[in-house]
Every structure is written in structure tokens, then in C-alpha cells.
Amino acid sequence: MPRNGSSNSLGLLDRSLVFITGKGGVGKTSITAALGLLAAKAGKRTLICEVDAKGDIARHLDCEPCGFVPTEIRENLFLMSMNTEEALREYLRIYLKVPVVAKLGPLAKTFDFIANAAPGVQEILVVGKLCYEVREARYDLILVDATSTGHIVSQLASPKGISELVRLGMVKDQVAWMEDILYDPSQTSVIIVATPAETPVNEALELADRIDNETHVHLGALIVNKVMPELFSRSEEEFFILLQEPKAISVLNKVIPGGIGLLLRGSNAALEMRRCADPYVERLMAGAGAVPTALLPLMFGEGSRMKLVRDLGEALAAEWDDFLWQA
Amino acid sequence: MAGIAELLSDSQIVIVAGPGGVGKTTVAAALGFTAADLTGKKVLVITVDPAKRLADALGLVGLTSKGSQVSASELDDAAGHKVAGRLFVAMLDAKASWDELINRHAPDVATRQKILSNPIYKNISSRFVQSHDYIAMETLYELYRSNQYDLIIVDTPPSRHAIDFLDAPGKMADFFSSKLLRWLTIPARNKLLMGVFKPFYQVADKILGAQFLSDVAEFFLLFESMYPGFVERAKSVAGILENHSTSFVVVSSPESVPMKEAEYFISALDARHLSLGQMVVNRVLPSYFRDPGAVLQANKVQDGYELFATEFMKKGASLEFIKTSEFSPVRMGALAERVFLEVADSFLNFSSVAIEEAYEISKLPIDDDQITLVPHLNFDVSNLKSLGKVAGYLAMGSGSPTM
């Protein structure tokens with residue numbers, strides 16, 4: 001089934017709100033950080049919001065973990081970590097004009113409880129805060145290091161869910177403008193990240209379907225991360241294979257004292273890993289339809305995490321030359 | 001013999017936990033295979049959302065919270081010998097399990113129907129993330145009490161934090177026994193008290209609307225009728241975590257981010273006085289990447305690849321493939337250079353990862369015999385035979401894997 005890609009020429013990061021999701025362990029956080037650095041460098045006032053506040057993004061950007069209030073960690077780059085309790089307080093302060101929520105004492109606690117108990121409330125608080133920031137327009141771009149594939153749909157669909165549950169009241173009214181932001185392809189988009197293995201690719205494609213079917217959010221791109229680089233060209237690989245014939249090995253042992261048996265073994269393992277991953281790269285590309293894709297190489301761990309993030313950013317910029325933003 | 005074998009023979013319940021994306025489900029299934037093979041037990045593996053090929057490998061068709069048996073002859077084939085035990089698999093169906101729970105606890109048909117059709121309930125049972133953790137525990141408890149299996153291995157649901165699973169029953173009990181819950185149901189129960197809480201209701205009403213509040217109130221009122229049974233139940237469910245015969249296996253891949261979460265989980269187990277059985281580090285690079293001699297050779301080749309290539313072309317001129325090549329000697333020389341350099345570069349790249357992995361593993365705050373390494377596999381677990389291979393690594397126990 002063909003998937004609808006972005007038909008307009010709007011760049012991915014020209015939007016105001018971009019969610020980055022994918023199965024756990026695929027590298028969402030490093031890709032979010034890389035996009036954030038790229039956007040900030042391009043002069044966009046960028047806010048990165050970490051939803052599953054584990055503080056990982058701070059480690060990727062080589063700074064101290066941030067709280068709910070955005071902190072500028074470098075020029076044009078702001079970082080915040082989502083906290084539903086504080087989002088609720090902020091909400092009450094803004095909309096109910098309740099000056100000191102603390103004064104309410106048990107009342108605030110009760111709201112907190114409802115937020116935990118009533119399904120969808122947590123999600124709407126997260127999405128509500130993000131949409132609020134979009135509306136306030138203090139940033140050019142908000143990048144969301146979102147929850148993993150299992151939970152993102154309930155977040156993106158939360159305005160719909162809430163409007164089914166809550167048929168009256170202020171929340172109901174507010175859902176409308178949130179949906180206007182969330183479901184506008186020129187404002188909001190989702191990037192799904194996968195690695196070239198069975199479950200991440202399956203989950204990515206399933207999620208792409210669910211985003212199409214259960215939400216009206218624009219799917220901006222699919223990324224295959226940690227793709228094993230091609231070791232050899234075809235003729236190099238042939239040479240490499242012939243190099244391992246017994247006679248060639250004995251020549252090798254004379255030429256390189258001590259031999260390179262383990263090195264060859266390592267290359268064979270790398271080739272095998274690549275061969276194992278290839279079908280999944282293909283499956284994802286095929287399943288992406290018209291949605292833009294990018295392949296990002298497996299980065300080897302030499303150097304700092306920050307360097308890895310920069311390298312990723314470079315790889316992304318190279319892959320998506322004029323797709324990230326309009327010239 | 002390794003810790004895993006003892007663990008599987010001593011336990012009645014094994015809970016497999018860890019961060020997402022580390023191969024938890026595969027490890028849980030492989031543990032089931034190992035257990036059936038080594039202990040001769042009747043083993044059940046409860047999975048949550050297995051990859052399609054793994055599900056196919058296990059012969060799992062659709063959701064089935066009751067166990068279905070993995071073909072004994074295929075199991076024997078995969079193991080290469082007669083497997084003494086039997087292996088069953090089940091897949092958690094959260095919605096159906098919730099409904100079943102309601103059926104069991106509802107005092108009468110009318111209440112049951114009302115709960116099942118309450119919008120809040122529908123939401124909780126199908127979408128509410130935490131409810132999956134609880135219902136997995138609940139299903140485990142039910143199966144454990146049924147005494148049908150000698151060993152039950154649970155693959156925990158993917159949650160934001162692995163730790164959520166441990167707290168699920170406690171949270172559920174708190175949730176339903178909370179005083180605040182009573183507040184919510186006051187309007188429906190007591191007109192007099194309503195006055196006291198009026199400010200709260202006015203604010204809540206303004207934000208959420210009366211309809212929603214009354215749905216919430218109805219839900220909790222209905223649940224109240226099941227409340228004593230439910231809280232009791234949640235407590236018993238929590239209790240099985242503390243059984244002597246329950247052990248935890250924490251799975252992680254060797255990268256620093258998941259390892260950090262795994263470490264956190266281990267310390268959380270400790271804080272709850274629950275004991276860690278084994279830590280399985282999955283997808284570890286083979287140890288030869290860390291061989292100091294090989295690293296030395298790789299550096300040597302990286303520095304002198306041009307020279308080595310020239311020498312190789314000279315001394316290997318009589319080699320069949322060089323003699324008969326359609327390429328010119330110059331072109332062959334260039335190929336040799338690039339291959340030598342690529343082999344050395346690639347080795348050093350993997351070597352740096354392997355060294356980092358080893359460091360992450362050495363940092364774990366547990367004894368070596370509590371750590372089992374499973375190597376990075378060059379195949380998908382798409383049939384019982386490949387699952388059997390993983391099981392083989394688990395059975396080998398702690399030690400450095402090679403490929």
C-alpha cells in the first residue's frame with residue numbers, strides 16, 4: 001500500500017513541532033540531539049524536549065540534565081525535560097488563573113491523582129504543553145525525543161481520545177486548537193527511527209500505519225540507523241575471499257609476520273552482520289513508500305558522545321541535503 | 001556448571017526484565033528452551049509481543065493467554081537429542097485478561113456489564129500503559145496458582161522503565177484503595193459531604209466537564225464493589241515477586257545506555273530485597289576483537305598497508321587467482337591495498353566497540369558468575385534450531401563468547 005509522503009516543498013525542520021520516535025535502543029536520542037545541533041547551527045531557535053526524562057539527551061549534548069523550564073545549553077539550542085506534574089501546574093496557572101496552586105493544597109494533589117488515574121490525561125498534558133509552546137512561538141522548532149513506538153500513538157491520538165471521554169468543559173474546547181497544530185502537516189511531523197533488524201523494522205512500519213490510520217499526524221521521514229557500512233566493493237570482496245585460500249594465507253604469513261588470521265575473521269564477521277541486516281534495510285525502504293528515508297551508518301565508539309552526535313548530524317545533512325529545510 | 005542451569009532448576013518463576021530493544025523476548029524464549037532441555041521440567045514462557053519470526057518459530061498463532069505446546073519432535077530436532085522436558089508458550093492478551101479479571105470479581109451480572117461498557121474501563125484495559133504491567137503479573141499469578149507448570153518464564157512488557165513492572169501490583173492496590181478515590185465518588189454517594197468538596201468539584205467541572213467526572217465516578221463506584229477482592233488480589237500478586245522460588249533475569253545489550261538502565265534495575269531489585277538470579281548481556285562482540293596481539297597486527301597493517309600490499313603482490317605472484325586475474329597487476333595491487341586497509345580499519349573499529357563493551361560489563365556491580373554473555377548472532381532467530389543455538393549459549397553460562 002503506497003504511503004503518502006510530503007508533497008509540499010516544506011523542509012522537515014521548517015515545521016514547528018517534530019516528534020522523533022522508534023523502538024527502544026534504535027538511537028532516537030542521538031538523532032534528536034543531532035537534528036537539534038543542525039537546526040541551531042542553521043540559526044533556528046530550537047527547543048529539544050525529552051519526554052521520557054531519563055536525562056540521556058543531556059549526556060548526548062555534553063551538558064547537565066535540565067528540568068521543566070527550558071535552559072539554553074548553547075546558542076539557539078534549548079533543552080527541557082517533560083514533567084506532567086509541572087505541566088499540570090502550569091496549565092492550572094494559565095487557564096484557571098489560580099495564582100498559587102500550592103494554596104489549593106489537597107486540591108492540587110487531587111488533580112495530580114486524576115492525571116494519573118484517568119487514562120489519556122498524562123498524554124494530553126504532554127501534548128498540550130508541546131502545542132502550547134508552538135502557539136506561544138518562542139521557538140522556531142521544537143524537537144521531541146518522544147516515547148517509544150508502543151506509546152507514541154496514544155500520545156499523538158490523545159486529543160481525539162480525550163474528546164471522546166470528555167464531552168464538555170474547558171479541556172474539550174482546548175482540544176480543538178491542539179488538533180489544529182498537531183494535525184497540520186505544515187506545523188507538525190513525526191520521524192520514525194529503526195535499526196536494520198526484524199523487530200525495530202516491523203515496529204516502525206506498523207507505527208507508520210497506525211499514525212496514518214489512528215491519528216492525522218504527518219509522517220515526515222523514516223530513518224534506518226546503525227547501518228553497517230559496506231566493507232568492500234564487489235571486486236574487493238572477491239579479492240578478500242580469495243585471500244583466505246590456504247596458499248594465499250601462507251603468503252600472507254610470510255609478508256606480515258604474525259599473520260592476520262583474527263583480522264580476517266573480524267572482517268568476515270562484519271560482512272556477515274551486514275548481510276544479515278540488508279533485508280531489513282530493504283524492507284523498510286520498500287515499506288516507506290513515498291515517505292522520505294535516510295540511512296545512517298553505524299558509528300564506531302572512538303571519541304566522545306558529542307562527537308558521535310556531530311558525526312550523525314553530518315551524515316544526516318549529507319543524506320538529506322535539501323530535505324531538512326528550504327534553501 | 002553455570003548459574004543459569006541452577007537458576008532454572010531451582011525456580012518456579014523466572015521474570016525476565018530489562019530495557020527495550022535488547023532481545024529480551026528472544027532470551028526469555030531461549031531460557032525456556034534451555035530449561036526444558038536441562039531440567040526436564042514442564043516449562044511455560046509467557047511473552048508479550050514477540051517478533052513475528054520468533055512467534056512463528058515457537059508455533060505461536062495469535063493471542064493465547066493459555067499455553068500452547070511447542071512440538072516435542074521439533075524441539076528434539078533443534079536440540080539434536082531427546083529433550084526431557086516440555087515447552088509451552090503463551091502470549092499476553094491484555095484486554096481479554098482484564099475482562100476475565102472483571103468477570104471473576106464482579107459481584108453480579110449487572111455490575112459486570114456496566115464496568116465492561118464504562119468508557120474509562122475500556123480505556124484503562126486497552127490503552128493504559130501501566131495496566132499492561134499489572135495484567136502481566138495477574139496472568140502470571142493465575143497460571144502459577146493453576147499448578148500446571150513446573151516453571152513459568154515471563155517476558156516483561158516493554159515499559160518506559162523496566163522497574164515499572166515491579167511496582168505495578170503495589171500501584172494498582174494503592175490506586176484502588178486511595179482516599180482520593182473516595183472523594184471522586186462523593187457526589188454520587190453523599191449529598192451532605194458534597195458541600196465540603198464543592199470547590200474541588202467546581203474546578204474539576206470547569207476543566208473536565210460533568211460528563212467525564214460522572215464517568216470517572218461511575219467507574220470507581222462500580223469498582224468499589226469489587227474493591228476488597230481486588231486489593232487482596234493485587235497484594236497476593238505482589239507477593240509472588242517475593243517468593244523464594246521466584247528469580248529475576250535482567251537482560252541488556254552491552255551499550256552504555258541500556259547497561260545503565262539494567263544497573264538501575266539491579267539496584268532497584270536490591271532495594272526491594274528481591275534477588276537477582278542472572279544478568280544476561282546479549283549481542284556481545286566476540287572476544288577476539290579484544291585480543292592484544294590482533295590489535296597490534298591491525299595497527300601494523302593500518303600503518304603499512306601499502307608496503308604489505310606490494311610485498312604480497314610480489315611474493316604471491318604465483319598464486320592462482322593473481323596469475324589468472326583479468327585485472328592488470330597495477331589494479332590488483334591497488335585492490336590489495338584497499339582490502340588490507342579496510343580489514344585493519346574495520347578490525348580496529350570493532351575492537352574499540354568490543355573494548356568498551358568489556359568495560360561496561362566489568363563495571364556491573366555483581367559477581368562474574370552472575371553474568372552470562374550471549375554473542376552477537378549472525379542469524380535471525382527464525383526457527384527452533386536458531387533458538388536452540390541461543391539456548392546453547394545460555395546453558396554454557398558465564399564466559400567469553402566467540403563466534
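Predicted model: local features only at pLDDT ≥ 70, side-chain atom pairs only at ≥ 80, totals over all residues.
**Entry 1. Chain A overall**

I listed 13 helices and eight strands for chain A. I then took its accessible surface, which comes to about 13,100 Å², and found that 51% of that area belongs to carbon and sulfur atoms. Next I turned to the contacts in chain A between residues at least 6 apart in sequence; of these, 77% join residues at least 24 apart.

**Entry 2. The sheet of chain A**

I traced an open sheet of eight strands in chain A and wrote its order as E3-E4-E2-E5-E1-E6-E7-E8, with mixed pairing. At the edges I found strand E3 (71-74) and strand E8 (293-297) of chain A, each of which pairs on one side only.

Strands E3(A) and E4(A) run antiparallel and are joined by three bridges. Within E4(A), I found A:Leu77 opposite A:Arg74. The two strands form a hairpin, with two residues between E3(A) and E4(A). In that turn I noted A:Asn76, which has a positive phi of about 70°.

I moved on to the pairing of E2(A) with strand E4 (residues 77-81) of chain A, which is parallel and extends over five bridges. Here A:Met80 in E4(A) is the residue opposite A:Cys49.

**Entry 3. Helices on the sheet of chain A**

Which strands does helix H1(A) lie across? I recorded strand E1 (17-22), E2, E3, E4, strand E5 (141-145), strand E6 (188-194), strand E7 (219-227) and E8 of chain A. The helix H1(A) runs at about 165° to E5(A). I also examined helix H5 (residues 121-136) of chain A, which packs on the sheet and touches E1, E2, E4 and E5 of chain A. For the direction of H5(A) against that of E5(A), I again read about 165°.

**Entry 4. A:Lys44**

I located A:Lys44 in the loop of chain A between helix H1 (28-41) and strand E2 (46-50). Is this lysine, A:Lys44, buried or exposed? I found A:Lys44 buried, because its relative accessible area is 17%, and buried means under 20%. Its side chain makes a polar contact with the side chain of A:Asp14, at 3.3 Å. Leaving aside neighbours within four places in sequence, I listed the residues in contact with A:Lys44 as A:Leu13, A:Asp14, A:Ala39, A:Asn76, A:Asp140 and A:Trp325. One of these contacts, A:Asn76, is the turn residue of the E3(A)-E4(A) hairpin.

**Entry 5. Strand E2 of chain B**

I turned to chain B and asked how many of the six residues of strand E2 (residues 42-47) are buried. I counted six of the six, so E2(B) is largely enclosed by the rest of the structure. From E2(B), B:Lys42, B:Leu44 and B:Ile46 point one way, while B:Val43, B:Val45 and B:Thr47 point the other way; all are buried.

I followed the pairing of E2(B) to E4(B), which runs parallel with it and is joined by six bridges. There I found B:Arg86 in E4(B) as the bridge partner of B:Lys42. With strand E5 (residues 151-155) of chain B, E2(B) also pairs in the parallel sense, over four bridges. In this case B:Leu151 in E5(B) stands opposite B:Val43.

**Entry 6. Helix H4 of chain B**

I identified the buried residues of helix H4 (residues 72-79) of chain B as B:Leu75, B:Asp76 and B:Ala78. They cover an arc of only 165° around the axis, and therefore lie on the same side of H4(B). I found the buried residues of H4(B) packed against helix H2 (24-39), strand E4 (86-91) and helix H18 (384-396) of chain B. Just after H4(B), I noted B:Gly80 with a positive phi of about 85°.

**Entry 7. B:Ala391**

I placed B:Ala391 in helix H18 of chain B. It is buried, with a relative accessible area of 4%. Not counting residues up to four places away in sequence, I found B:Ala391 touching B:Ala30, B:Phe33 and B:Thr34. Lastly, I looked up B:Leu60, which is 331 residues from B:Ala391 along the chain; their C-alpha atoms are separated by 18 Å.

Methods
Residues numbered from 1 in each chain as written. Chains lettered and ligands numbered in written order. Heavy atoms only, no water. Buried < 20%, exposed > 50% of the residue type's maximum accessible area, 1.4 Å probe, protein only. Polar contact = N/O pair within 3.5 Å; in protein donor to acceptor, adjacent residues only side chain to side chain. Contact = heavy atoms within 4.5 Å. Pairing = 2+ DSSP bridges. Axes fitted to C-alpha atoms, helices over the stretch in contact; angles between N-to-C directions. Arc of directions from axis to C-beta. Areas by Shrake-Rupley, 256 points an atom, 1.4 Å probe, with all protein chains shown as cover.
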